[in-house]
Amino acid sequence: MERTLNIDGRDITFKASAAFPLTYRAYFGRDFFADMDKLTEEDDRLIFYDVVWVLAKGADPSIPTTIEWFDSFESFPIFETYYQLNDMILKSFATIKN
């Protein structure tokens, strides 16, 4: 599933697939689901940046490292962006019943 959002005057495409948790682990060495459990802890809110970056990287493998990519924006509404993408992440885990 893909979604394009306009961020800082640029159209950025994000992609979530069934491989998202595996890709997240491959880039950051952490379990996505365990990290989601940590989001209630204030110090772990930087996880939002990692999640959003993986979704952008899934749509465009040429984007640079997290720091370089986020640094290329004048501003980046991370929480708003994450919440706009959250349903896309959840749908990539959905179970289909016959």
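Author: Keep in mind that this is a predicted model. Ring pairs join Phe20, Tyr24, Tyr27, Phe28, Phe32, Phe33 and Trp53 into a cluster.

Reader: How many aromatic pairs are there by this rule?

Author: The count comes to 17 aromatic pairs.

Reader: Why is the pair of Tyr24 and Phe28 called tilted?

Author: The ring centres of Tyr24 and Phe28 lie 5.5 Å apart. A pair needs centres within 6.5 Å. The planes of Tyr24 and Phe28 stand at 55 degrees. Stacked requires under 30 degrees, and edge-to-face requires over 60.

Reader: What separates Tyr24 and Phe28 along helix H1?

Author: About one helical turn, because they are four residues apart in H1, which covers residues 20-28.

Reader: Why does Tyr24 count as buried, and what is Phe28?

Author: Buried means under 20% relative accessible area. Tyr24 has 0%, so Tyr24 is buried. Phe28 has 21%, which lies between 20% and 50%, so Phe28 is partly exposed.

Reader: What makes the pair of Trp69 and Phe76 edge-to-face?

Author: The centres of Trp69 and Phe76 are 5.7 Å apart, with 65 degrees between the planes.

Reader: Are Trp69 and Phe76 buried or exposed?

Author: Trp69 is buried at 4% relative accessible area. Phe76 is buried too, at 15%. Each value is under 20%.

Reader: Which residues meet where H3 packs on H5?

Author: On the H3 side they are Phe48, Tyr49, Val51, Val52 and Leu55. Their partners in H5 are Ile78, Phe79, Thr81, Tyr82, Tyr83, Leu85, Met88 and Ile89. By class, this contact of H3 with H5 has twelve nonpolar residues, one polar and no charged.

Reader: What is the phi value of Asp8, and where is Asp8 placed?

Author: Phi of Asp8 is near 55 degrees, a positive value in a residue other than glycine. Asp8 sits in the loop between strand E1 (2-7) and strand E2 (10-15).

Reader: Why is Asp8 called partly exposed?

Author: Its relative accessible area is 33%. That lies between the 20% and 50% cut-offs, so Asp8 is partly exposed.

Note on methods: Residues are numbered from 1 along each chain as its sequence is written. This is a predicted model: local features need pLDDT of at least 70, side-chain atom pairs count only at pLDDT 80 or more; totals for chains, interfaces and linings use all residues. Side-chain values use heavy atoms; hydrogens and water are left out. Contact means heavy atoms within 4.5 Å. Helices (H or I, at least four residues) and strands (E, at least two) are DSSP runs, numbered from the N terminus. Ala, Val, Leu, Ile, Met, Phe, Trp, Tyr, Cys and Pro count as nonpolar, Asp, Glu, Lys and Arg as charged, and the others, Gly among them, as polar. Buried means under 20% relative accessible area, exposed over 50%, partly exposed in between (1.4 Å probe, protein chains only). Rings of Phe, Tyr and Trp (its six-membered ring) pair if their centres lie within 6.5 Å; planes under 30 degrees apart count as stacked, over 60 as edge-to-face and the rest as tilted.
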